[in-house]
Amino acid sequence: MNTIPSFRSADVKYVYLEKVDVTPDYRNERAKADAKKYLLRRSRNERKPTVPDHVKAAIGAVAGAAFPIVHMMKKQKVKNPLKVKYGLSEMILVSATTVIGSVLAAMPGNDSKTNKRKAEEGVFQFCNAAIPTWLAASALKLCETSKKYNNAWAKILSTAGAILVGMMGAAEVSNLICDPHDKNPDRKLTLKDTIANLDDLFGVLILAKVPFVDKLHLEKALPFIYAYCGYRAGKTN
């Protein structure tokens, strides 16, 4: 039964009437027990991630990043994972596997609604990683085909603009996929989402082969940023 329990006025005494959401002072143990059950049901939708939630999500994200990187190491014949070279397909592959790994690892032990929410956040995180990268790579290609705009600053500004547009587009696409009939509130971009898009900026700068970027070795940070995006999806409740 999911309805709010009803009590006689003699069963409960509200001691803080000036507050909207307070726990009343119950005179009757039955009323107190019923109210506790109701509050527990209500709080399930807002359960904060536990330590096991964080651990499982992190392990899944790291494993999801490790498998494709090991494959790329063999393909590129390098022994250091930090020396792997990334193209557009490699970036999208690692972003996808970290999300999938984290979500799958975090699902056991949760109810279907929680797992559905994790999957939806996974869709958002993948879209937020893949779509801006794809748009920015397209903008980069356009710059490279133009004599006027084939320079470092034009590439940086155009790809940065493409990433911003891609982030907004990624949110719209993920909301359309997860909630095509618009029954639930849309997933909005947050500050953490914009920070996570550093992988897009780093990735495109690496693709652009901007001279000063080569000295920064930004590609070393990509696996960690992708793993963080996957971890955020897995720990979602």
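Because the model is predicted, local features are given at pLDDT of at least 70 and side-chain atom pairs count only at pLDDT 80 or more, whereas totals for chains, interfaces and linings use all residues. Residues are numbered from 1 along each chain as its sequence is written, and side-chain values use heavy atoms, with hydrogens and water left out.

The chain contains 9 helices and 2 strands, these elements being DSSP runs numbered from the N terminus (helices, H or I, at least four residues; strands, E, at least two). Along the sequence, their order is β-β-α-α-α-α-α-α-α-α-α. Of the 237 residues in the chain, 39% are buried, where buried denotes a relative accessible area under 20%, exposed one over 50%, and partly exposed a value in between (1.4 Å probe, protein chains only). Contacts, defined by heavy atoms within 4.5 Å, were also sorted by sequence separation: among those between residues at least 6 apart in sequence, 69% join residues at least 24 apart.

Two packed helices are described by the angle between their axes and the distance between the axes. For H2 and H3 the angle is about 145° and the axes are 7 Å apart; here the axes are lines fitted to C-alpha atoms, for helices over the stretch in contact, and angles run from 0 to 180 degrees between N-to-C directions. The crossing of H2 with H3 is right-handed, a crossing being left-handed if the near helix is turned anticlockwise from the far one by less than a right angle, and right-handed if clockwise. On the H2 side the contact includes Gly60, Ala61, Gly64 and Ala65, while the residues contributed by H3 include Glu90, Thr97, Thr98 and Gly101. The contact of H2 with H3 comprises 9 nonpolar, 6 polar and 2 charged residues, with Ala, Val, Leu, Ile, Met, Phe, Trp, Tyr, Cys and Pro counted as nonpolar, Asp, Glu, Lys and Arg as charged, and the others, Gly among them, as polar.

Two residues of H3 illustrate this region. Thr98, found in helix H3, is buried, with a relative accessible area of 0%. When neighbours within four places in sequence are left aside, Thr98 is in contact with Gly60, Ala61, Gly64 and Ala65, and also with Tyr226, Ala227 and Gly230. Glu90, which likewise lies in helix H3, is buried yet has no salt bridge, the nearest side chain of opposite charge being that of Lys75, 5.1 Å away. In assigning charge, Lys and Arg count as positive and Asp and Glu as negative, while His and the chain ends are not counted. Apart from residues up to four places away in sequence, Glu90 touches Met72 and Lys85.

Side chains of opposite charge can pair when their charged atoms come close. In the whole structure 3 salt bridges are found, a salt bridge being a side-chain nitrogen of Lys or Arg within 4 Å of a carboxyl oxygen of Asp or Glu. One of them joins Glu120 to Lys116 at 2.5 Å, N to O; these two residues are 4 residues apart in helix H4 (residues 112–144), a separation of about one helical turn. Glu120 is buried at 19% relative accessibility, whereas Lys116 is partly exposed at 46%.

Arg117, Glu121 and Arg187 are linked in a network of salt bridges. Within helix H4, where Arg117 and Glu121 lie 4 residues apart, their closest N and O atoms are 3.6 Å apart. Arg117 is partly exposed at 30% relative accessibility, and Glu121 is buried at 4%. The side chain of Glu121 also meets that of Arg187 in a salt bridge of 2.8 Å, N to O; because Glu121 lies in helix H4 and Arg187 in the loop between H5 and H6, this pair ties together parts that are 66 residues apart in sequence. Arg187 is buried, at 17% relative accessibility.

Positive phi values occur at two loop positions. Lys77, although not a glycine, has a phi of about 60°; Lys77 is placed in the loop between helix H2 (51–76) and helix H3 (88–106) and is exposed, with a relative accessible area of 76%. Asp182, with a positive phi near 55°, is placed in the loop between helix H5 (152–178) and helix H6 (191–196), and counts as exposed at 52% relative accessibility.
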